[in-house]
Amino acid sequence: MINILGFDADFDPSLLNRIVNEKKKIGYYNLPNQDTTYINHYLKQLNERQNLNSISDVVVIGIGGSSLGAKAVYHFIRPIRQLKRNLHFMDSTDPITIANICNSLNIGSTHFIVISKSGSTIETIAIYKHILAITKTIQLSHFPFTFITGKSSLLAKHARKVNGLVINIQQNIGGRFSLLSSAGIIPLALTGTKIDCLLKGAAKIKDSFFNQGYMQNLLLKKATFYANNASNYNINALFSYTDSLKYFNDWYAQLWGESLGKKQKNSVFHVGLTPIGLTGPKDQHSFLQLLYEGIRDKSVTFIKLKTFENNQKIPNITLEKLETFNLINQVKFSTLINMQADAIIESLKKHTRIPLDEITLQKQDEFSIGQLIYYYELLTSLVGNLLNINTYNQPGVEFGKNILIKKLQQQL
């Protein structure tokens with residue numbers, strides 16, 4: 001279980017009812033309890049086409065919500081467990097990045113997963129075309145692509161035309177909320193990530209919130225604090241004290257920014273909370289000063305890991321002229337990093353008007369990251385409801401896409 005010390009604020013009791021009603025039509029809410037038989041069915045199909053034992057690497061071709069979620073989980077689990085396959089992410093049209101990833105792969109033992117809910121993401125289609133050209137030049141005996149997309153998308157129609165494996169993304173799920181859908185589950189399943197534990201962790205938070213557990217009041221209060229203070233504290237800094245959450249920070253930034261940066265319904269007012277992902281102790285030496293003495297417009301959430309899968313200690317060595325540092329001898333690095341977090345938290349608490357809360361993950365495993373994922377998805381929905389916005393659209397992103405299409409058309 002994750003332990004959370006949150007904010008305190010009086011909340012509107014009707015907020016819970018509004019979220020319960022929203023749960024009936026927004027698909028991500030029910031993903032923790034999904035039927036996962038499609039995973040084994042897919043793996044069986046893939047094995048018939050491209051022997052699973054011959055696959056050493058899996059590449060996700062997708063951008064934004066189609067890649068950030070799986071990347072967050074993969075890089076959280078990979079440091080502490082030997083997984084079955086390496087997972088790579090082609091989520092940029094930077095030609096150097098594309099070339100470097102391709103050069104690192106043995107294409108013959110690689111499977112590519114093309115992910116786009118709309119099926120019309122330009123970046124994704126561009127990279128798919130590039131990889132398709134490469135695979136054709138080496139004349140593989142199998143078609144090394146799986147397509148994860150919307151049921152009726154153009155990409156789904158293309159996939160069926162080329163006899164590719166197609167997995168549908170579940171209904172009514174936006175890209176940034178799709179981590180626990182097939183878009184995130186299938187790539188992770190291919191690595192040997194424990195999907196059942198991931199979903200059980202998410203289900204733990206879901207059940208606690210919707211069945212009057214300790215998460216209910218905690219999340220309602222925290223969301224209310226954020227919404228009521230959106231003008232004063234319009235920046236939320238997530239300070240993760242484990243390098244394994246670096247890509248979780250990226251996922252959070254998209255979830256928070258794309259969901260909450262909106263115009264209010266039937267209004268001209270712009271609202272939003274700016275997300276910042278930080279990694280301790282590295283960012284103690286960069287961003288902390290701004291938190292400490294800068295403008296009081298930021299709330300801060302610290303994420304700590306209670307148990308690290310490594311008990312390495314600092315050697316018992318005395319350094320000439322540095323004898324004062326003997327106090328760290330034989331201290332575990334895991335103890336040191338959490339003491340650093342506690343010291344920073346204590347220092348910020350001594351200053352007024354810096355709202356703080358703490359999240360402690362008990363272990364570095366799928367269950368814990370599943371809890372954290374669903375916690376933040378719920379929190380985002382609650383804050384969006386209170387801000388009176390459509391949490392699940394992204395008109396700003398679509399506007400940019402349309403401009404890109406016009407620019408490309410002008411080149412024809």
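How many aromatic pairs does the count come to? In this predicted model, in which residues are numbered from 1 along each chain as its sequence is written, local features need pLDDT of at least 70, side-chain atom pairs count only at pLDDT 80 or more, and totals for chains, interfaces and linings use all residues. Side-chain values use heavy atoms, with hydrogens and water left out. The count comes to 25 aromatic pairs, where rings of Phe, Tyr and Trp (its six-membered ring) pair if their centres lie within 6.5 Å, and planes under 30 degrees apart count as stacked, over 60 as edge-to-face and the rest as tilted. Ring pairs join Phe225, Tyr226, Tyr233, Phe248, Trp251, Tyr252, Trp256, Tyr375 and Tyr376 into a cluster.

Strand β12 (residues 356–361) is largely enclosed by the rest of the structure, because 6 of its 6 residues are buried (under 20% relative accessible area, with exposed over 50% and partly exposed in between; 1.4 Å probe, protein chains only). Helices (H or I, at least four residues) and strands (E, at least two) are DSSP runs, numbered from the N terminus. Leu356, Glu358 and Thr360 cover one side of β12, and Asp357, Ile359 and Leu361 the other, all of them buried. Strand β11 (residues 298–305) pairs with β12 in the parallel sense over 6 bridges, pairing being assigned if DSSP finds at least two bridges between two strands, and Phe302 stands opposite Glu358 in β12.
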